[in-house]
Every structure is written in structure tokens, then in C-alpha cells.
Amino acid sequence: MDNILLGIQTALTPTNLLVCLIGCALGTAVGVLPGIGPTATIALLLPITFNFDPVSSLIMLAGIYYGAQYGGSTTAILLNLPGETSAAVTAIDGYQMARQGRAGQALATAALGSFFAGTVATVVLAVFAPPLAEAALKFGPAEYFSLVVLGLVASIALASGSLWKALAMIMLGLLLGLVGQDVESGASRFTFGAGELDGGLNFVSLAVGMFGVAEILRNLASGIHRPSMVREVKSLRLSRADFKQMTPPVLRGTLMGSLLGILPGAGHVLASFTSYSVEKRISKTPERFGHGAIEGVAAPESANNAAAQTSFIPLLTLGLPANPVMALLIGAFIIQGITPGPNVINDEPVLFWGLIASMWVGNLMLVMLNLPLIGLWVKLLTIPYRVLFPAIIAFSTIGCYSLGLNAYHVFAIAFFGLLGYVLIRFGCEPAPLLLGFVLGPLLEENFRRAMTISRGDASVFLTRPISLAMLVVAAVFLVVAVLPSIKKKRDVVFAEDE
Amino acid sequence: MALRPPPSRRPARFLALATVSALALAACSSGGSAGSNSAAGSNYPTGTITMVVPFSAGGPTDTVARLVAEPMSKTLGQQIIVQNVEGAGGTLGAGEVAKAKNDGYKILMHHIGMSTAPALYSNLAFKPLESFQTIGLVTEVPMTIISKKDLAPANFKELVEYVKANKEKVTYANAGIGSASQLCGLLIEKALGVDLTEVPYKGTGPAMTDLVGGQVDFMCDQTTNTTAQIKPGKVKAYAVTTATRVKSLPDIPTTTEEGMPDLKVGVWHGLYAPAGTSEAVVKKLTDALAAALKDPKVIEKMADLGTAPEAADQINPAAHTAKLKAQLDLWTPVIKAAGVKAA
């Protein structure tokens, strides 16, 4: 209790409130802009925070990170432009809601769901951080492999009508994920000798191309005569029915996000995809998904924000980074003269509890920042499309160029925009492809790592209990998919056709 | 350029045009003056300097770069921006600086990877000794040989016996092709005469996570990454790979003490400019670097990382070039013999 008071005291000093606000506002801004992500922003701001005291600097940097998770959904919903993995899921139903004139509701759902999830995850972080971190360490390569298999199978098993198309898209995504230098042998794969491809394809240029640019091409090809994206924007407020529909998904999304966020590497990525799949699986009306289901926005957004908070657990309790942003924060710790590691909680209570308390304050700020902005964002959609689409292209291009200050990224969005358009014409959807792209490298790396450690003995996946449990669940999913009697339940998880 | 229609009728457009042309003019003039001044070197630096780090932000090399960039920019009176150009084991960023203008406005912080790149990469866009002008050595980060906390051996000698006896079973984690942990692994293999089962990771973070979680047996990595886990006993430390003991880890013996003087490796960092940079500019950079490495704040923060600034007589182009040559001679045959290839 003393600790929590200490944290609140620290977080509520005028300086820390200010840096928290700056961090959150900046984070929202970079989240909204496609391309410029939290990693680049934090890297740029790192030198400035030299002169802050350690707590303030980390509060600001953390604010940028979870603020970006918040802002990332805005363009995904409004313009079908996901700037990061999790927002790609939000785009599926969020963009459809926007097209139906319900952009305000979609944005409000995302904001409120994120706030709730952020609050819960902060409590989880405060109460359970050390034991959860220890539990996450039980996840070795074999467990990660099985987790990824489960994630992939879950999405395949849920597909019905376009099962083959969804499967093909996942496979294509897996293959695209293989591009680049092989970690084990160093061999370049599918790079055609181009050095830019050695590091692999970039998620942002893939997503911006496949979703944003392809959508523009589709709109233009189908002859957009309407003056704007949406003929009328209905009320921005969430109705009582909306609240009733979004509450259970928010709760489930928060739970799943909080747990998966702790796992380094794979967790954050899986959280939003998994929660979306689960919502669709248990829904009584799965056919609404992909056509503007509010649950399809509520669940992944909550999961994503919860995971963003709990991904601090390995960093704060063990000094181990869960993702590139956390690795960057380790650098910030070191520059501030704090050794990140198991001792931070005891040696630096002001930092640990202050940061946690500031996360809740920051979430509150984000909701207050974002809710009034919704009206403004929605107005964007009333801009005539002939003005809007060049602006989208311009911002996407600038954003992607900023990824590595390399024109290659610009060509990449053009290429993936065309590919995405062709795929849409064939009735194939980009979401399964993105899932495969993100999970493919994790699948391969962890499989090879597990096999190397076991010296080629594949039984390792079955003899480790956590791994076995996940494979069993995956097998059950598969059976459900194959059994025709349960066929009714099967539906296209990612179908977005009109 | 004639501005039509008359500005009075279209004030907004005129203003916009005027602003753009003014900005363009300003950009041209400042760019031009920076270029001409640097040729003489007398006024250098008159603009922002970019320090390229060929690895990701937040990593150990990035941390070192940011530590020295701040005091250096104070000495030079101009801002130094650290830019991360990551990819292909640091060769992309190094290649970018190699082909940059040699006016001292784009410099490179690189580590031991400069001396291993020619052996690892067949189509290198630069030659370490020819494409760069050395500025000075910065720091040499010691490495530590560590294991998961419940690995049986109690000391380095036992570890050597254990690895030799269980060479079929023991797993060694590394942070990927060309990483310091992989290089150290090569030296361990050579010193012990064994062929390790290497488990590669994408970077040091995930490798350390799996070592702390007990998924892999042992590894050798920089004190930057390992000290935080060694102190609370989350991993077991057997030896440091330096000639003398590391101040922050006084209880851990050196490989030399343990009778393996050849098992010596440190992640040395150096500052580079493109080849052909004028002597005056190099001298200013060398002096600024030397001053930065005397800064008590830098010394203190480096100590937190388990390292220390290079000795004063190493912070100059001659010592740096000598080190680079010696390291190229050491690593090229070791890497070729192990058959490691990055591309």
C-alpha cells in the first residue's frame, strides 16, 4: 500500500504530469501517422531525456509507447491504414463501421476499451508482476512454437466458405515472412541479391500497401462518385445496445492481452489476433464480423492495450526486453545510470511504482485527449475523396520513407498496394496474410531453436507439458474444422467481402 | 522568378510561395557554407553532425554512441544526432558512412564488427582500412562467460571439463551471425577443441531471456548485457575475457588467470569518418572524443556498463588503425576456418 501511495505521489508531481501528457500526446500523434512508430520516436527523443531525472524520462518514453498503441487504431478505423500489427485487426471491422457512418462509435469503442484494458493491466502489473515474469520464463522455444501453431490453426479452423483462400493467404504470408537473412546460416533467402531485403520485409510497408493503398485502388476502380467516404455520419455516441455488445469482448480481450503481453516476442502480436478469433468463434452471429461488428473492434483494441502495459513486466522485473521498444527503454535505463534487472523493484521503488502509477494517469489522459478529438477525426471522412486519397498516399509515402530514409520502402508500399488490389479482386483478404507474415518467422525460428536444443528430437514438443497442452488445443480446433457436423459454426474469420 | 498573379490579389498563395522560396534559399545557403568551410576545416563544425550507429537503438553500441555524442557536441559547439542505420550485421550503416561526403558531418561509431565484416560478407560495400579515416578508439567492453543458474560446474575449470565431456548435449546461445557472442563462441571452440551446438537468436535480448529461463546452457556476452543478471544470481558467471579483472565484477577470474590466454575478446568500439577527411577536421573530432572520454559523467556511466574509456594514448587515429589491422588479422582466419558466412 505504501508503495502504491509512493507511486501516486511520484506520478502526480507537476513535472511528471507534464512529461506524461507530452509523452501520451506525442505517442498518439506518431500512432496516428502511418510509418513513424514509437521505436523511431523514442530513439529520437532519448538524448533529450538525458537531462531529465530518470523517473520523468521513463514516464515520458513509456507514454509514447502506449500512446502510440492508442493512436494506431485511429487511422486503421478511419482510412483502413494500420500502422502496426495489432491495428491491422482493428481495421477489419473498424473500417467497415466507418464506412457505415459509425466511425464515431468505432473510435469511442477503441478509446474506452483501451482505457478499461489499460486500467486493469496496470493493476495486474502492480500486483502480479514478479510471479508473472517468472511464469513467462517457462516459455522456451518449444512452447513458443506450439503457441504460434495454435494461433495459426485457430484462424484456419474458423474459416469456412473461403477456407482455401484464407489458407492460401496465410501460406503466402508465411512465405513473405521468410524473406531476408536466415538467422542460423546467414544465407539470404528470396532477396534476389537486393541488400535492402536482407533484413526482411517491413511490416509497416506491407500493411500500409496491402490495406491502405489497395483500398484506395479498389475505391478508385469501382468508380467513386460519392463526394466523400461517408454520406452521413450518424450520431457519434455509443448507444446502450453498443455498450452491451462491447462489454464482454472488452473483458475477454483485456484478460487475453494481459496474459499474452507478458510473453517476450510473440505475445503482443498474438494478443489482438487471438482475441478477435475468439470473439468470432463464440459469437452467435459470426457472420457480422468483417462487416462492422463492434465486438471486432472492442476485443482486439482492449487486448492490444492490455498487452502494451503488461509487456513492461519482463523489463521491470527481470531487465529483459519483450520487444524492440523495451530494448530501447533498457538503453534509457542505462543512460540514466539504472541497471535494469531483477533489482529495480527493490533498489528503485520510486521509479518502479512511479512508472506504474503514471501508466494509469497516462491512460486517463489518453481517454480525455481522444474522446473530444473523435468529432474532429470523423470530419476527416467528410472531405471529398478526390482530396482525401492523394493526402493518404502522401502521408503513407512520407511515413514509410521515414522508416529507414530509404526509397526502397516507398517502392514496397507501391508493390504491396498493387498486390493487395489484385488479391482483393480475387476475393482474397489481406488479414490472414498479415497474420502469416508476422507469425511465420516466429514459427520457423522457434521450431529450429527447439530442434537444435533437443538435438533433432521432435518429441520435445510433446514431452513439455505447456507445449503439449497447446498442441492438443490446436488439434481440437482442427478436428472442429474438419467435422462437417459442426460446420455451421465455422465461418470466415477474416472475410471482409461486401 | 516572376510571381504572378500580383501578390496583392492572392496574398495566401504569395505568402506560401515566398515562404517556400525563402526556406529553399536558406537550405541552399547553409548547405553550401557548411561544405566550403569544412574543406578548410578551420570553422568546422558549422552544422549538425550525424553519428551513424549501424545497430538498433537501445543496444550496447547505441548506448556507447549516445554517451559520447553528448559531451562531444558540447566541445564542438554543434549538435550531434545519433542515427541508427541497422541491418546486415552493421555493414549497411558502415557502407553509408563510407560513401558519405568526407566533410566530417557524417561519422560512424562501429565496434569489433568492422574487423570481422570482410570475412563474413563476400560483397562488402567498403574496405575497413581504405574506406575510412580512423578517429580514435572509444572503449573495449569486456565479455563474460555465463551459464544458466543451475548448470552443474562451479568454476571455469569445471565448466571446461563439463563442456568437453558433454559436447553432444551442451547448448551455446548466440545473438546471431557476426554478433560478439558468436565470435566469443568461435574462440571458445578453438580454445577447447570442441564443436559447440549453437542456438542463434535475433539479438542479445531474447538470447539472455532464454538463458535466464534455463532453456539454453551457456553463452558469452558483453558485460553491458550480463552484469544486471550476474549480480542478483540469475545466471552463473565463470570468467571474464579480458587481461585484467573487471572492476564492477571483482570476484570473477579472467580467462588468462584460468590458463586460457588465447580466449581473450572484447567488444572494442571506434569512431570513423569517411576516407579523405581533412586532417584539421579529424583532429577536432579526435580532441572532442578524448575530452568526452575524460568527462566524469561518461566514466561513471561506462562503469555502470562494466566498461571504461580507452587509455588516453589509444584515442587517436594511429592507435585505432593499428588495432583495426591486428583485429582483421585475428578474426579473418578464425571465421574462415569455422566456415561462418553471413551473405
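Modeller: One term before we start: two residues are in contact if their C-beta atoms, placed from the backbone, lie within 7 Å. Helices (H or I, at least four residues) and strands (E, at least two) are DSSP runs, numbered from the N terminus. This is a predicted model, where local features need pLDDT of at least 70 and side-chain atom pairs count only at pLDDT 80 or more, while totals for chains, interfaces and linings use all residues. Residues are numbered from 1 along each chain as its sequence is written, and chains are lettered from A and ligands numbered from 1 in the order in which they are written.

Colleague: What are the ipTM and pTM of the complex?
Modeller: The predictor gives 0.81 for ipTM and 0.81 for pTM.

Colleague: And what is the mean pLDDT of chain B?
Modeller: The mean is 85, and 87% of the residues of chain B reach 70 or more. pLDDT is the predictor's confidence in each residue, from 0 to 100.

Colleague: Where does pLDDT stay under 50 in chain B?
Modeller: Over residues 1-39 of chain B, for which the model has 18 contacts beyond four places in sequence.

Colleague: You listed H8(B). Why is it called largely enclosed?
Modeller: Because eight of the eight residues of H8(B) are buried, it is largely enclosed by the rest of the structure. A residue is buried if 20 or more other C-beta atoms lie within 10 Å of its own, exposed if 12 or fewer, and partly exposed in between, with C-beta atoms placed from the backbone.

Colleague: What do those buried residues pack against?
Modeller: In chain B, they pack against H2, strand E4 (132-148), H7, strand E7 (218-222) and strand E8 (235-240). Among the buried residues of H8(B) are Thr223(B), Asn225(B) and Ile230(B).

Colleague: Switching to domains. How is chain B divided?
Modeller: Into domain 1 (49-141 + 267-338) and domain 2 (142-240), with bounds that come from an automatic or database domain assignment. The centres of the two domains of chain B, taken over C-alpha atoms, are 27 Å apart. Their contact takes 14 residues from domain 1 and 13 residues from domain 2 of chain B. On the domain 1 side, helix H4 (113-120) and helix H11 (317-338) of chain B each supply at least two residues.

Colleague: What about strand E3 of chain B, which strands does it pair with?
Modeller: Strand E1 (residues 49-53) of chain B runs parallel to E3(B), joined by three bridges, and Met51(B) stands opposite Ile107(B). Strand E9 (residues 266-274) of chain B pairs with E3(B) in the antiparallel sense over three bridges, where Gly270(B) is the bridge partner of His110(B). Two strands pair if DSSP finds at least two bridges between them. Four of the five residues of E3(B) (residues 106-110) are buried, so that strand is largely enclosed by the rest of the structure.

Colleague: Now chain A. How many helices and strands?
Modeller: Chain A has 21 helices and two strands. Its radius of gyration, 22 Å, is close to the 23 Å that the globule rule gives for 498 residues, so chain A is as compact as a globular protein of that length. That radius is taken over C-alpha atoms, and the rule is 2.2 Å times the number of residues to the power 0.38. Of the 498 residues of chain A, 59% count as buried.

Colleague: Last one: is Asn80(A) buried or exposed?
Modeller: Asn80(A) counts as buried because it has 28 C-beta neighbours inside 10 Å. Its phi is near 60°, a positive value in a residue other than glycine. Arg455(A), also not a glycine, has a positive phi of about 55°, but counts as exposed, with 11 C-beta neighbours inside 10 Å.
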